[in-house]
Structures are given as structure tokens and as C-alpha cells.
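Hello,

Here is the structure we talked about. Please open it first, then read my notes alongside it.

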Amino acid sequence: MTRILTAAAAQLGPIAREESRESAVSRMVDLMKQGAARGVRYLVFPELALTTFFPRWYMEDWAEVDSFFETEMPGPATKRLFEASAEYGIGFYLGYAEKTPDGHRYNTAILVDDKGAIVGKYRKVHLPGHSEYEGHRPWQHLEKRYFEPGDIGFPVWRSQNAIMGMAICNDRRWPEMYRVMGLKGMEVLSLGYNTPDVNTSAWEPNHLRMFHNHLVMQAGAYQNSSYVIATAKAGIEEGVGMIGGSCIVQPSGEIVAQAQTVGDELIVADLDLDLCKMGKETIFNFARHRRVEHYGIIASQTGVVEPE
Ligand code: ING
């Protein structure tokens with residue numbers, strides 16, 4: 001029996017620093033409603049989708065920092081999203097800043113099924129940027145100041161008849177992330193991102209931001225024979241340009257749908273989940289072709305192998 005999952009990247013335009021959770025949630029419920037009208041059964045919101053991308057600022061007042069974090073999920077402002085999920089029968093991925101009861105802070109994402117129930121949680125492993133104020137930058141990127149690295153690893157879950165994995169933003173640049181979940185049979189990877197359109201660490205041509213964004217996800221999808229649904233928070237957010245380019249990548253590595261704007265936009269595609277099988281059973285049949293015993297030797301070579 002063919003498994004078709006009509007899915008969407010639910011891209012968000014800028015969220016202002018002062019914008020309320022309720023306002024952001026209303027925008028997301030609107031996208032969910034649009035999705036219901038188009039037969040969408042699962043959609044992916046961006047990283048840190050409830051607030052502006054606050055790691056762009058250096059803050060010393062931890063009460064202010066914590067104003068960007070959720071201490072409960074669902075909470076009073078996000079309950080509406082879960083109710084809409086159950087009402088429309090649409091599962092979703094939501095990125096948000098999580099503060100645990102014992103005071104740990106993570107850049108987190110949850111997977112919710114089409115009955116509005118939380119299936120799984122992931123905490124961002126690869127935190128880019130820096131932990132102290134760096135005056136030479138036009139804006140900061142202080143994820144290492146505000147978040148701890150994720151402590152959950154890369155699980156995969158069966159939800160809505162698909163094997164689903166999650167990642168967040170910078171994770172998509174690290175090939176290990178895809179492979180760890182590929183080895184567990186992942187068929188759909190969901191991830192959100194907030195990616196400034198200028199690199200403040202070193203000069204590079206701006207067009208490379210979008211090129212690298214798609215390059216890594218197309219490679220990861222192909223090499224692990226999986227779909228990737230990637231959703232941006234985009235547009236000029238508090239004066240910082242953020243790339244759009246939300247997209248859905250199929251197991252062949254081809255982009256099947258891509259955002260046309262840098263605002264709130266639904267990017268929809270029918271995922272034929274059995275398209276994952278060809279790669280997993282032939283070219284990327286890990287059991288038949290992968291040679292882990294050799295990798296260990298390669299990994300032990302710490303530097304350039306000098307001629308005998
Ligand atoms: N943002 C960016 C990302 O990985 C970045 C940070 C951009 C790092 C470009 C390196 C190069 O897309 C987040 N939030 O990780």
C-alpha cells in the first residue's frame with residue numbers, strides 16, 4: 001500500500017522582538033489552516049518559531065533572556081497550536097527555546113502527531129557562533145551563551161506512518177547528523193533554521209549562504225535516502241536579513257518545492273515515502289556496502305600521512 005504524506009514547510013517571516021507569543025502562534029495557526037485546505041497532514045515550523053532570533057543580542061539580564069524561553073509545552077500561548085493540530089488532523093514540528101525545571105536551557109524542537117500529541121523531543125547538538133560579546137560583529141550569534149548542547153542525541157520515531165527524525169539549523173551542516181538517523185531508517189527529516197544572509201565570522205560572497213543551505217540538505221537527503229523538510233524564519237528581522245529558501249528535498253536529493261518569498265508561506269509537496277526504499281535497498285544499503293571496519297583506521301590518522 002502506497003504511503004503518501006502530504007507535508008509542508010511552514011515558513012515564517014520576521015518575528016519582532018516585542019511580538020507576543022500569541023501573535024506568532026496566530027500566524028502559525030493560519031498557516032496550519034491554509035494547510036488543511038490543501039490536504040496537508042504534517043508541517044514543519046522554523047527553529048525558535050515563537051520569538052525573534054534573540055541570540056543576535058548580548059544580554060546580561062537573565063530575566064530578560066528567560067523571557068524568550070518556554071518553561072512548559074504546551075503552555076498558555078501555545079495550547080492553540082495543539083488544539084488546531086487535533087482539529088485539522090495535522091502533525092507538526094515546532095522549534096522553541098526550552099528552559100527545564102532544573103534550569104537548563106536548550107534550543108529545542110518537538111514532533112507532534114496528527115492528534116496533537118507530543119511524540120518526541122530533540123535538543124540542538126551543534127551550537128554555532130560564540131559565547132562572549134564580540135564587538136567586531138554587526139550582530140552577535142550567542143547560541144553558545146544561551147543554550148547548552150543537546151543531551152538527547154538523534155532519535156527517530158514512527159509517526160503518521162513514517163520514520164521521522166529531527167534536527168535544528170546548524171545541525172544540517174554536519175553529515176554525521178543525517179547518517180546517525182539514516183542508520184536508524186529515517187525517511188523524513190524535519191528541521192527549522194534562522195540563517196543570517198551575511199556571514200559575520202569571515203567574508204564570503206552572499207550567494208553562498210543559499211548555496212550551502214541547499215547543498216548540505218540535498219547531499220544529506222540523497223546519502224541517506226530520506227526526505228528533508230526545511231523551514232526558515234526569513235526576511236529582515238530586527239534589522240538582520242535572514243535567508244528564506246525553505247524547501248522539501250526528496251530522497252534523490254532533488255528539491256521538489258521551494259519558497260518564493262521571505263514571508264509567511266506554505267511550501268507543499270506529496271511525500272511518496274516508498275521512494276526512500278530504492279536508495280536504502282540498493283546504493284545506500286548500509287549492510288551490504290558500508291565498510292565501518294575501514295573507517296576506524298582512517299579516523300586514527302590524525303594528521304597528514306607522511307611518505308615512508
Ligand atoms: N544559524 C546559522 C546556520 O547554521 C551559521 C549559523 C550560518 C553558521 C552560516 C555557519 C554558517 O544556518 C543557526 N541558527 O544555526
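**The largest pocket**

Helix α6 (residues 207–223) gives three residues to the lining of the largest pocket, the largest share. Helices (H or I, at least four residues) and strands (E, at least two) are DSSP runs, numbered from the N terminus. Residues are numbered from 1 along each chain as its sequence is written, and side-chain values use heavy atoms, with hydrogens and water left out. This is a predicted model: local features need pLDDT of at least 70, side-chain atom pairs count only at pLDDT 80 or more, and totals for chains, interfaces and linings use all residues.

How much space lies in the largest pocket? About 400 Å³. Of the 21 residues that line the largest pocket, P128, H141, N170, N199 and R209 are the closest to its centre. The lining divides into six nonpolar, nine polar and six charged residues. Here Ala, Val, Leu, Ile, Met, Phe, Trp, Tyr, Cys and Pro count as nonpolar, Asp, Glu, Lys and Arg as charged, and the others, Gly among them, as polar.

The terms come from a 1 Å grid over the protein atoms alone. A pocket is an open set of points with protein on both sides within 12 Å along at least five of seven lines. A cavity is a set of points where a 1.4 Å probe fits but cannot get out. Lining residues have an atom within 4 Å of a point. Grid points are joined across faces, edges and corners, and a volume is the space filled by probe spheres set on the points.

N170 lies in the loop between β7 (162–168) and α5 (175–182). Is N170 buried or exposed? N170 counts as buried because its relative accessibility is 14%. Buried means under 20% relative accessible area, exposed over 50%, and partly exposed in between (1.4 Å probe, protein chains only). The side chain of N170 makes a polar contact with the side chain of W174, at 3.0 Å. A polar contact is a pair of N or O atoms within 3.5 Å; within protein, one must be able to donate a hydrogen and the other to accept it, and residues adjacent in sequence count only if both atoms are side-chain atoms. Not counting residues up to four places away in sequence, N170 touches K124, H126 and P128. Contact means heavy atoms within 4.5 Å.

**The cavity**

There is one cavity of 30 Å³ or more. The largest cavity has a volume of about 30 Å³. F53, R56, W139, Q140, H141, P196, V240 and M242 line it. Five of these lining residues are nonpolar, two polar and one charged.

**The cores**

In soluble globular proteins, nonpolar side chains tend to be buried together. A nonpolar core is a set of buried Ala, Val, Leu, Ile, Met, Phe, Trp, Tyr and Cys residues joined through side-chain atoms within 4.5 Å. The largest nonpolar core has 45 residues, and Y42, L189, L191, V228, I229 and L271 touch the most other members. A second, separate core of 26 residues includes L31, A49, I90 and Y96. Leaving aside neighbours within four places in sequence, L189 is in contact with residues including M166, M177, V228 and I229.

**Single residues to look up**

- H104 lies in the loop between β3 (91–99) and β4 (105–112). It counts as partly exposed because its relative accessibility is 30%. The side chain of H104 makes a polar contact with the side chain of E148, at 2.6 Å. H104 and E148 are 44 residues apart in sequence and 7.2 Å apart in space, C-alpha to C-alpha.
- Q11 lies in strand β1 (residues 4–11). Q11 is buried, with a relative accessible area of 0%. Its side chain reaches the backbone oxygen of G263 at 2.9 Å.
- P74 sits in the loop between α2 (62–66) and α3 (79–88). The peptide bond from M73 to P74 is cis, with omega near 0°.
- S225 lies in the loop between α6 and β9 (227–232). Phi of S225 is near 45°, a positive value in a residue other than glycine. S225 counts as buried, at 3% relative accessibility.

Best wishes
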